[in-house]
Amino acid sequence: MKNLLLFILFLGLTTSSFSQNNIISNLKDAPINGGFKMDGYWVWGSAVIKGDDGKYHMFASRWPNYIPFHPGWMVASEVVHAIAEKPEGPYKFNDLALGARGAQFWDGRSCHNPKIVKYKDTYILYYMGSTNPFEDITKENANQLTLDSKWCIAGRWGKRIGVATSKSLYGPWERMDQPILDVKPNTFYSFLTSNPSPLIKDDGSVVMIFKGRNYKDDGITYSDMSVSVATAPSYKGPYTVIGNEPLFSVDKFGEIEDACLWKDKNGYHMLAKDQRGKITGAAGDGLLAHSKDGIHWKVDKNPKAYSKLVKWNNGKTIVQGQLERPFVLVEDGIPTHIFFATMDGPGGFQNATKSWNMVIPLK
């Protein structure tokens, strides 16, 4: 009994020291000219990796801004490759990595939410893909694109997670004809899978955080978001979802999305958006969680990692309309920058005139 009590005390001490929030106190001013934007496009969500050429390579989503931001991403997004000399940018468009390839493919109409990783000599681009069997969205019919439109009903229903590979960050990218993580009946991901955040271990095996939704009892409508973890012996799969219940949901901790996963000498760490504010106290703020194995997670005792109130290096402090898709750049085992998708306006996708990817350096 005494040994058991000592073990519990030791576990509590190590967990406490392990789960200290070192993000919110180390945010620097955001460079006003940093990040990535494109004229004529909505830009959203990025992942950055340092290439063998010493440059920083960003993979991001874009779609024409004559299409409504939401739900335009669901039916017309593509993944682009941009490059900068330093991590904060500014990043300049270089090439189209993943574009439309026809309705017959599972990802034929939309590729979104990229995450770039490398294993040995292979670059692996994780992303969400979707398709629909309808005509393209153009300037002429863009006003018909709503959440209840045929494009979005099919596009949302078809969301799945896939990978593309290349020996070079400049492509070409080889895409798979099937998603790596499909839906499964009678699970919390029976309706869709989305928003992958992978980490590849030294032996090539994968831990991946992902988002899912399930069908409700009526068999027609779908649930709120759940976030959980899947593992695989290699990036090619097969991927196995761990457990029958999600890590985070409306009923467990709270609804989150946009998870970003990284690892250091202390274990695994997750940065994500608190969708409703149940964990951090404010909807849309960032939360921090930790794990020793990537499977079992604990929310930080001081969970708030950032808020939508951003201090810029021109002296202005602004509440961003949206601040989503956090991505943590890690170099030599140390987080150095956090990238975000953001937009102007008072909040709400429908109230923005522009969106871009911004970056906040860490002290």
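Predicted model: local features only at pLDDT ≥ 70, side-chain atom pairs only at ≥ 80, totals over all residues.
Colleague: How much space lies in the largest pocket?
Modeller: Let's start with what surrounds the largest pocket: 26 residues line it, with Ile49, Ile116, Val117, Lys118 and Val330 nearest its centre. Strands E1, E5, E9, E13 and E19 each give two or more residues to that lining. The space in the largest pocket comes to about 730 Å³.

Colleague: Which element gives the most to the lining of the second largest pocket?
Modeller: The second largest pocket has a volume of about 620 Å³. Its lining has 27 residues, and Glu257, Lys273, Gln275, Glu324 and Phe349 are the closest to its centre. Helix H2 and strands E5, E9, E10, E13 and E19 give two or more residues each. With 4 residues, the element that gives the most is E19.

Colleague: How many charged residues line the second largest pocket?
Modeller: Again, we can go class by class. This lining has 9 nonpolar and 8 polar residues, and its charged residues number 10.

Colleague: Is serine 228 buried or exposed?
Modeller: Serine 228 is found in strand E11, residues 226-232. Beyond its neighbours within four places in sequence, serine 228 is in contact with residues including Phe188, Met208, Ile242 and Leu247. Its relative accessibility is 1%, and the cut-off for buried is under 20%, so serine 228 counts as buried.

Methods. Residues numbered from 1 in each chain as written. Heavy atoms only, no water. 1 Å grid on protein atoms, 1.4 Å probe; cavity = no way out; pocket = protein on both sides within 12 Å on 5 of 7 lines; lining within 4 Å. Points joined across faces, edges and corners; volume = space filled by probe spheres on them. Nonpolar A, V, L, I, M, F, W, Y, C, P; charged D, E, K, R; others polar. Buried < 20%, exposed > 50% of the residue type's maximum accessible area, 1.4 Å probe, protein only. Contact = heavy atoms within 4.5 Å.
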